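The sequence and the coordinates are shown first.

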Amino acid sequence: MISITVTAVVFGVVFLAELPDKTALAGLVLGTRYRASYVFAGVAAAFALHVALAVAAGSVLTLLPQQLVQALTGVLFLGGAAVLLLKKGDGEEEVRRPEDQSFWKVAGAGFMLILVAEFGDLTQIMTANLAARYDDPLSVGLGAVLALWTVAGLGIVGGKALMKRVPLTLITRIAALLMLALGVWSLWEAIAG
């Protein structure tokens, strides 16, 4: 059974954390050069793989004592908040262009870009934390993958317009505050429990 509440919380946290990420900018660059549907297919497949790995890692954490998992996830959320608050904008990255515009070349370029860039990324670690916290792999996986796909779609199709209207620093600060709140809450549960 999928929990709408857990899915919504995960969606919100992962969406806000991924929006200012370099991969959203990379998707935007690919989307301006190639057919959007081809780029999205590759990017979406890579994000699905990352979420599956993160949820599996988080599910393994649920085998540990509950207080230890809550403390660990609390510390990791606080670390994620610190990373978001302290990170500097690193500009637009150069994206290798496939030789032709075929589906497999463009989707493959998008897949490889996200596969490499997102491995061990903050949102993958957050997804593992959320899977451990909620012990609901389906809801967490669904929320995370929908958030990542939404950010990818926004980046590919309308990223320029969104970034002109909503300051990147505001998005980053909101994501950091959400992770800070989740970290404090997890630590409180670990101590009180």
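What percentage of the 193 residues of the chain count as buried? The share is 43%, where buried means under 20% relative accessible area, exposed means over 50%, and partly exposed lies in between (1.4 Å probe, protein chains only).

## Basis of the description

The model is predicted: local features need pLDDT of at least 70, side-chain atom pairs count only at pLDDT 80 or more, and totals for chains, interfaces and linings use all residues. Residues are numbered from 1 along each chain as its sequence is written, and side-chain values use heavy atoms, with hydrogens and water left out.

## Overall architecture

The secondary structure of the chain consists of eight helices and zero strands. Read from the N terminus, the order of elements is α-α-α-α-α-α-α-α. Helices (H or I, at least four residues) and strands (E, at least two) are DSSP runs, numbered from the N terminus.

Contact is defined as heavy atoms within 4.5 Å. Of the contacts in the chain between residues at least 6 apart in sequence, 93% join residues at least 24 apart.

## Helix α3 and its partners

Helix α3 (residues 36-61) packs with helix α6 (residues 122-134) at an angle of about 40°, the axes being 7 Å apart. Axes are lines fitted to C-alpha atoms, for helices over the stretch in contact, and angles run from 0 to 180 degrees between N-to-C directions. This angle makes α3 oblique to α6; angles under 35 degrees count as roughly parallel, over 145 as roughly antiparallel, 65 to 115 as roughly perpendicular and the rest as oblique. The crossing of α3 and α6 is right-handed, a term used if the near helix is turned clockwise from the far one by less than a right angle, with anticlockwise giving left-handed. On the α3 side the contact includes His-50, Val-51, Leu-53 and Ala-54, and on the α6 side it includes Gln-124, Thr-127 and Ala-128.

Helix α3 also packs with helix α5 (residues 103-117), at an angle of about 35° and with the axes 7 Å apart. The crossing of α3 and α5 is right-handed. Among the residues that meet here are Tyr-38, Val-39, Phe-47 and His-50 in α3, and Phe-103, Val-106, Phe-111 and Ile-114 in α5.

## His-50 in helix α3

His-50 lies in helix α3. Is His-50 buried or exposed? His-50 is buried, with a relative accessible area of 4%. Not counting residues up to four places away in sequence, His-50 touches Ile-114, Leu-115, Glu-118, Phe-119 and Gln-124.

## Helices α1 and α6

Helices α1 and α6 pack with their axes 10 Å apart and at an angle of about 160°. The two helices are therefore roughly antiparallel to each other, and α1 passes α6 in a right-handed crossing. In α1, the residues involved include Val-6, Val-9, Val-10 and Val-13; those they meet in α6 include Thr-123, Met-126, Leu-130 and Tyr-134.

## Aromatic pairs

A pair of aromatic rings is described by the distance of the centres and the angle of the planes. The structure holds three aromatic pairs. Why is the pair of Phe-11 and Phe-15 stacked? The ring centres of Phe-11 and Phe-15 are 5.6 Å apart and the planes are at 10°, so the pair is stacked. Rings of Phe, Tyr and Trp (its six-membered ring) pair if their centres lie within 6.5 Å; planes under 30 degrees apart count as stacked, over 60 as edge-to-face and the rest as tilted. Both residues lie in helix α1 (residues 4-18), four residues apart, about one turn of the helix. Phe-11 is partly exposed at a relative accessible area of 28%, whereas Phe-15 is buried at 17%.

Phe-103 and Trp-104 form an edge-to-face pair, with 4.9 Å from centre to centre and 80° between the planes. Phe-103 is partly exposed, at 30% relative accessible area, and Trp-104 counts as exposed at 71%. Together with Tyr-38, these two residues form one aromatic cluster.

The charged end of Arg-133 sits over the ring of Trp-185, 4.3 Å from its centre. Arg-133 also lies over the face of Tyr-134, at 5.6 Å from the ring centre. A charge sits over a ring if NZ of Lys or CZ of Arg is within 6 Å of the ring centre and within 35 degrees of the ring normal.

Trp-188 is located in helix α8 (residues 168-192) and is exposed, with a relative accessible area of 58%. The C-alpha atoms of Trp-188 and Gln-70 are separated by 8.5 Å, the two residues being 118 residues apart along the chain.
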